[in-house]
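Biologist: Before I plan anything around this protein, could you take me through its model?

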Amino acid sequence: MITTLERRIPGFNRQVTLFMLYSAIYQMGMFGITDAVLNFYFVSLGYETNTIGFLQAVPRIGGLITGVPLALLADRIGVRRITIWSMIGAGLTYFTLFAFPSLEMLATSRFLHGVFYGAAYVVATPLMMMLVERRHQTHLFAYYNLITMGATAVRSFVGGQLPTWIVGAAQNGAGAQSPFAYGMALVIAGILVFISIPPLLRLAELRPAEARPTGTTRAPIPWLKLTRLSLPFLSFGFTGGLTFPFYNLFFRQTFDISDQLVGTILSLGWFGMALITLANPWLDRRWGRVHALGMTMTIGALAFAALSLAPGLAFSVVAFVIAISVRNTMTPLFQPLMMENIPPWLHNSASSVGFILWSLGWFVASSVSGHWQSQYGYGFIMQVVAVGVFLTGVCIVLIFRRRTAPVLTSQ
């Protein structure tokens, strides 16, 4: 079966299959269920919007602190081992959320979650760059987003239903909007993260085709240049931090709808994010990664501006799906664009810098989002996001529009 798929699907091989299987399972838990119920769990415990914003910001602190050390560690022990240990740690944090619901323990659990998720995120892009040849990298990132976003969409839909199913099975008198129902849903998310580990155990430990150049073992890593290339991640993270942790609250509070309907709407958004990546190889061929990103970020900005109006549920759902779908072209197009401009021995370091900038933007945004929600409303937030998404596209074009050769070489 694998051989047949290799012949029929560009860039497909056994290693890609194992990586995609792992990614689909862990995304179901870490994003699908979590996005649907985590904020509702915090609300059921009695926490206010500002506190929820703090709890959504804490994981990014873990990423900021550990981004560079984890990249250097990945260079020493390999990306596969980093990913396995990250999944073990991330899975455990879901159990602590349920077992220790005090604010101090919730914050600690979220911090550790950010550390372990950050480790997996930092090594994911360098790992994918090693799985296939250069000509298939855009295809691979498209497959990755199709499979992971599709899996997340399914679990977002299920996540909206899960608390009701849990209380029905438990028959302990707890309501569907109780800490028990939401907490058990998060435990199930943690179990899914653990289930994603076996495919990783069968994945070969890969190393870059181009090692660090001879005679430069102790050569300094050009952090400033990597920061400049990664700068679009700052505004990209900021716009994500303002919105993604709070979409469930946005739809519930704005339109007074049920958790089940919220989960369904989120799943539509994730499906849109999955399907649009199928166009990425065509966008790459037709316009090039730089101009394609400039165009898609502009369209995404217009969609977020439309979402800020929120005149009705149907209109808002359509604007939401378009906005986050088009915005999602950023990751599968920008990451290979950046990596092709640097030698392979710098991929882990570049990925860590990008993650740090993304985490910084996300941390600042999620820290102020709760205050902005109460003071200015969701419409203002969506307008800020529209400007941020547009500036992300502008930044990409300004940095990479004249790049015809790698920015950093192995010399």
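This is a predicted model: local features need pLDDT of at least 70, side-chain atom pairs count only at pLDDT 80 or more; totals for chains, interfaces and linings use all residues.

Modeller: Residues are numbered from 1 along each chain as its sequence is written, and side-chain values use heavy atoms, with hydrogens and water left out.

Biologist: How many helices and strands does the protein chain have?

Modeller: Helices (H or I, at least four residues) and strands (E, at least two) are taken as DSSP runs, numbered from the N terminus. On that basis the protein chain comes to 17 helices and 0 strands.

Biologist: What share of the 411 residues is buried?

Modeller: Buried means under 20% relative accessible area, with a 1.4 Å probe and protein chains only. Of the 411 residues in the protein chain, the buried share is 57%.

Biologist: What span should helix α12 have, and how far apart are its end C-alpha atoms?

Modeller: The expected span is 1.5 Å times one less than the number of residues. Helix α12 covers residues 259-276, so its 18 residues should span 26 Å, and this agrees with the distance between its end C-alpha atoms, 26 Å.

Biologist: At what angle do helices α5 and α15 pack?

Modeller: Axes are lines fitted to C-alpha atoms over the stretch in contact (heavy atoms within 4.5 Å), and angles run from 0 to 180 degrees between N-to-C directions. The axes of α5 (residues 103-131) and α15 (residues 330-339) lie 11 Å apart, and the helices pack at about 70°.

Biologist: Which residues make that contact?

Modeller: From α15 come Q335, P336 and M339, and from α5 come Y121, T125 and M129.

Methods: Buried means under 20% relative accessible area, exposed over 50%, partly exposed in between (1.4 Å probe, protein chains only).
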